[in-house]
Amino acid sequence: MRVSSDRPLFLSGALGAADCYLILPIGADKLFIAVNRDKMERKFKAQPQKELIQSTNVQIAKQAAKYVYGGDNSASEFVDKYISTDRPKCFFERLREYRRAKYALSPT
């Protein structure tokens, strides 16, 4: 089962942090994963594919603002369980806060 949502981009933690990674589903059985450390890359490569897909599905459903999409109705129980249960600020909201904090600390 693969799901997507109105917020399919998952960003863990703060940009630039050693353990930060980005996941974006780009197809029924494909993920775009960006990391900034070799250690994180090895961690993803070592993770079983089924486990990675399941954890990505859960996170994508949890952070949905309003909609979760699936190929058919077989995911309806899954969606009911997880939809919007852990909605973080969206990427651009976090980026705006990051920039405000960064420039607030620099002398003018």
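**Entry 1: the sheet**

I began with the rule for pairing: two strands pair if DSSP finds at least two bridges between them. My elements are DSSP runs numbered from the N terminus, with helices (H or I) of at least four residues and strands (E) of at least two. I noted that this is a predicted model, where local features need pLDDT of at least 70, side-chain atom pairs count only at pLDDT 80 or more, and totals for chains, interfaces and linings use all residues. Residues are numbered from 1 along each chain as its sequence is written, and side-chain values use heavy atoms, with hydrogens and water left out.

I looked up F10 and found that its bridge partner in strand 3 is I23. Strand 2 and strand 3 (residues 21-27) are antiparallel and share two bridges. Three strands make up an open sheet in the order 2-3-4, with antiparallel pairing. Strand 2 (10-11) and strand 4 (30-35) are the edges, each pairing on one side only.

**Entry 2: a helix across the sheet**

Next I followed helix 1 (residues 38-46), which lies across strand 3 and strand 4 and runs at about 155 degrees to strand 4. For such angles, axes are lines fitted to C-alpha atoms, for helices over the stretch in contact (heavy atoms within 4.5 Å). The angles run from 0 to 180 degrees between N-to-C directions.

**Entry 3: the lining of the largest pocket**

A pocket here is an open set of points on a 1 Å grid over the protein atoms alone, with protein on both sides within 12 Å along at least five of seven lines; lining residues have an atom within 4 Å of a point. I counted 14 lining residues for the largest pocket, and R7, L9, Q63, C90 and F91 lie nearest its centre. Which helix gives the most to this lining? Helix 4 does, with three residues. Strand 2 and helix 4 (91-105) each supply at least two.

**Entry 4: two residues compared**

I picked F91, which lies in helix 4. F91 counts as partly exposed because its relative accessibility is 25% (buried is under 20%, exposed over 50%, partly exposed in between, with a 1.4 Å probe and protein chains only). Leaving aside neighbours within four places in sequence, F91 touches L9, L11 and L15. The C-alpha atoms of F91 and R7 are 9.3 Å apart, though 84 residues separate them along the chain.

Then I turned to N57, in helix 2 (residues 49-62). Is N57 buried or exposed? N57 is buried, because its relative accessible area is 0%. Beyond neighbours within four places in sequence, N57 is in contact with M1, R2, V3 and F78.

Technical notes:
On a 1 Å grid over the protein atoms alone, a cavity is a set of points where a 1.4 Å probe fits but cannot get out, and a pocket is an open set with protein on both sides within 12 Å along at least five of seven lines; lining residues have an atom within 4 Å of a point.
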